[in-house]
Amino acid sequence: MKCKVGRGGAYSRTVSTLTERRKAATQLDIARAAAELFTERGPDGTTAEDIALRAGVALRTFYRYFRSKQDAVAPLLAGGADRWRESLAAAEPGSTVPAALERSIAEALAGADEEAAEGLRWTRGLLRAAAEDPALRAVWYRVNQESEEKLLAVVAELAGPDADPLEVRLAAAAATDAIRVALEAWAETDAPVRGKGAPAELAVRCLRELMGGMGPLAPAGA
């Protein structure tokens with residue numbers, strides 16, 4: 001009986017993982033459809049029904065995952081931040097927090113491949129649409145707030161147990177705001193995805209300005 005239960009437990013975990021992946025894939029499909037339509041028509045010219053139709057899902061499926069049409073783009077906006085935190089968490093041992101943040105931000109916003117560049121272009125379109133839509137701006141700010149809260153634990157781990165908690169919090173806030181401000185400023189221009197005036201350059205500049213008066217926040221023993 002124990003073996004039978006064990007197999008059942010493993011099977012349940014596998015099913016759960018597959019279900020979660022399908023759910024995430026469906027959410028991302030809906031998010032991309034919403035981003036396309038917002039860019040083409042603007043939020044006012046787009047309905048939840050339009051988004052569901054473009055994504056190839058039923059309207060009830062749309063509302064199973066999202067409360068509003070604006071909320072639908074959250075997975076697309078949050079995806080880049082998730083990948084950035086993973087990169088930061090893998091920073092080399094002994095790295096100071098500012099150096100690790102700068103390096104990871106530059107890499108995350110570099111638009112190194114076409115998928116990354118496309119993600120930046122989607123963000124630009126959404127931020128331009130958000131300029132005229134308070135509900136869409138609220139989603140953007142919420143995504144940034146949630147990203148900062150998740151980033152706090154990563155920065156604390158990099159800084160080590162002896163780091164000043166206030167400086168750790170300030171570093172997480174500075175990094176989040178550096179990216180937010182850079183993307184917002186870039187979206188107002190026609191600057192390229194890479195090179196002068198691109199998100200990576202702007203974000204590194206913002207980070208240096210915001211963290212200029214802080215210490216190195218080096219890991220203990222570094």
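The model is predicted, so local features need pLDDT of at least 70 and side-chain atom pairs count only at pLDDT 80 or more, while totals for chains, interfaces and linings use all residues. Residues are numbered from 1 along each chain as its sequence is written, and side-chain values use heavy atoms, with hydrogens and water left out.

Gly212 counts as exposed because its relative accessibility is 58%; exposed means over 50% relative accessible area, buried under 20%, and partly exposed in between (1.4 Å probe, protein chains only). In space, Gly212 is 9.5 Å from Pro98, C-alpha to C-alpha, although 114 residues separate the two in sequence.

Turning to the rings, the structure holds two aromatic pairs. Phe62 and Tyr63 make an edge-to-face pair, with 5.1 Å centre to centre and 85 degrees between the planes. Phe62 and Phe66 form a tilted pair, at 5.8 Å and 50 degrees. Here, rings of Phe, Tyr and Trp (its six-membered ring) pair if their centres lie within 6.5 Å; planes under 30 degrees apart count as stacked, over 60 as edge-to-face and the rest as tilted. Together, ring pairs link Phe62, Tyr63 and Phe66 into a cluster. Phe62 counts as buried because its relative accessibility is 0%, and Phe66 is buried too, whereas Tyr63 is partly exposed, at 45%.

A further contact involves Arg124, whose charged end sits over the ring of Trp186, 3.7 Å from its centre; the criterion is NZ of Lys or CZ of Arg within 6 Å of the ring centre and within 35 degrees of the ring normal.
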